[in-house]
Each structure stands twice: as C-alpha cells, then as structure tokens.
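Okay, thanks everyone for coming.

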Amino acid sequence: ETGVTQSPTHLIKTRGQQVTLRCSSQSGHNTVSWYQQALGQGPQFIFQYYREEENGRGNFPPRFSGLQFPNYSSELNVNALELDDSALYLCASSLLSGGGPGEQFFGPGTRLTVL
Amino acid sequence: EDQVTQSPEALRLQEGESSSLNCSYTVSGLRGLFWYRQDPGKGPEFLFTLYSAGEEKEKERLKATLTKKESFLHITAPKPEDSATYLCAVHGSSNTGKLIFGQGTTLQVKP
C-alpha cells in the first residue's frame, strides 16, 4: 500500500510569486485535505476536495486554491505569496463514505519559505 | 466555535517515568477525536481514533481515553524514541472532513 506523497520537499519563493504544491493520495482513498502548519502550532485546515470539488474551506483567502484530479491526486496553488505564507504545507488523504469521515493520513509535507 | 486545547505545552520525562497528556475540546457534535504523533519536520503520524465517551485504545506504551470534555494520552514507561510532538484533533459538527487541531504537546524523554 502506497502512502501519501508530496512534492516538492522544500521550496523557496519571493513575495508576490505563485507556487503549486502537489499531493498523491493513499491508494483506496477518495478525499484530500490541505493544512498549513506554522512553526510551533497545530495544522490549520485550508480546504478539502472530494470527487474533484471543494468540500469545505477554512479561514483562508481566495488566493489559496486547489484542484483534485480523477486519480484523486491534488494540487494546492497559492498566488501573490506573502511572508506569512511561510509554513509546512500538509496534505492528508482519507476515505469519505456513508459512515462519515474516516481517519486522515498525512504526507511528509512541503516546507515553503517566502523571502 | 469548535476548539481544542492541549496541555502541557512541553513535558520532560526520564525514561520509565509514566505521565499523561491532556486534550480538552469544545465541539457541537463530536464525530471523532484523533491523536497523532509528529516528529520534527515531518507529517503527523496517525495513532488513534476515539468516537464516544468511555472508549479506550492502546498501542504499545500509549493508551488514549475519552470523556465528554477531554481526552488523555497516557504514556507508560516511556523510552527516548517516544520523544515527539503529540497532536490532538477533532472532527466537529461540519459536514466536511475538517480536523481542528490543538497546538500540541512536545514530549522529551531523557535516558
């Protein structure tokens, strides 16, 4: 069974640039969630994708957007980067079924630094 | 508003010294409480899911319990390799899969 993978591992951008982060979900899972984790804090929910549509969004501005593809992989796009966007970005996959939301399994994360 | 608070923020133990981590939550309609372990610079590793008050789960030296207001992660006779940040999260009343995390407890176990 393949776990959740993310790319790239690390990324350095300058303020105002755009970035795309990628995530491959665990086999058998149909839902991908994205979280932002600042240093010393717990992860903060950005949004979730199910069946290629956004299925809930946290308190993040529209410059944070995403996609889910038919193979359940996903992208997180951030436009007009700000210094405060520097964080560990985590992708989590899960199986959403009639029984409700299941456990979320996280990838290793992408460390984004905005200069 | 759904909220999760963990205490203490940091905990130092000697090898073999048992202790407990606390996770207090406020949520309308709990649909699951989750414990994760996170090593520095890595993604959280799933440990346990608890769904109802009175439920308990065990894995090696870890035991998680749940009441209507809080959860405890008991660590029995910890080893240095148990050193990590332990995160608690809840699925609240929203229909999305949104997890609400606490800020974590950083555990250091000294040999």
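So, before the pairs: when I say salt bridge, I mean a side-chain nitrogen of Lys or Arg within 4 Å of a carboxyl oxygen of Asp or Glu. And keep in mind that this is a predicted model.

By that rule we get 8 salt bridges over all chains. Take B:Arg37 and B:Asp39: they form one, with the closest N and O atoms 3.1 Å apart. What about burial? B:Arg37 counts as buried because its relative accessible area is 15%, and the cut-off is under 20%. B:Asp39 comes out partly exposed, at 23%.

Next one: B:Arg61 and B:Asp82, whose side chains meet at 2.8 Å, N to O. Which parts of chain B does this pair tie together? B:Arg61 sits in the loop between strand 6 and strand 7, and B:Asp82 in the loop between strand 8 and strand 9, so the pair links parts that are 21 residues apart in sequence. B:Asp82 is buried, with a relative accessible area of 6%. Over in chain A, salt bridges with shared partners join A:Arg63, A:Glu82 and A:Asp85 into one network.

Also in chain A, the side chains of A:Glu54 and A:Arg57 make a salt bridge, 3.1 Å from N to O. Here A:Glu54 is partly exposed at 39% relative accessible area, and A:Arg57 is partly exposed at 31%.

Okay, on to the sheet. In chain B, 5 strands make an open sheet, ordered 1-3-8-7-6, with antiparallel pairing. Strand 1, residues 3-7, and strand 6, residues 56-59, are at the edges with a single partner strand each, so one side of each has no neighbour in the sheet. On average, neighbouring strands here are turned by 15 degrees against each other, ignoring direction. Strand 6 is joined to strand 7, residues 62-66, by 4 bridges.

Last stop, the threonine I promised. B:Thr105 lies in strand 11, residues 105-110 of chain B. So, buried or exposed? Buried: the relative accessible area of B:Thr105 is 0%. Its side chain reaches the backbone oxygen of B:Pro8 at 2.6 Å. Leaving out residues up to four places away in sequence, B:Thr105 touches a whole list, including B:Gln6, B:Leu11, B:Leu21, B:Ala84 and B:Tyr86.

That's my tour, thanks.

Definitions and conventions:
Residues numbered from 1 in each chain as written. Chains lettered and ligands numbered in written order. Predicted model: local features only at pLDDT ≥ 70, side-chain atom pairs only at ≥ 80, totals over all residues. Heavy atoms only, no water. Helix = DSSP H or I, 4+ residues; strand = E, 2+ residues; numbered from the N terminus. Buried < 20%, exposed > 50% of the residue type's maximum accessible area, 1.4 Å probe, protein only. Polar contact = N/O pair within 3.5 Å; in protein donor to acceptor, adjacent residues only side chain to side chain. Contact = heavy atoms within 4.5 Å. Pairing = 2+ DSSP bridges. Axes fitted to C-alpha atoms, helices over the stretch in contact; angles between N-to-C directions.
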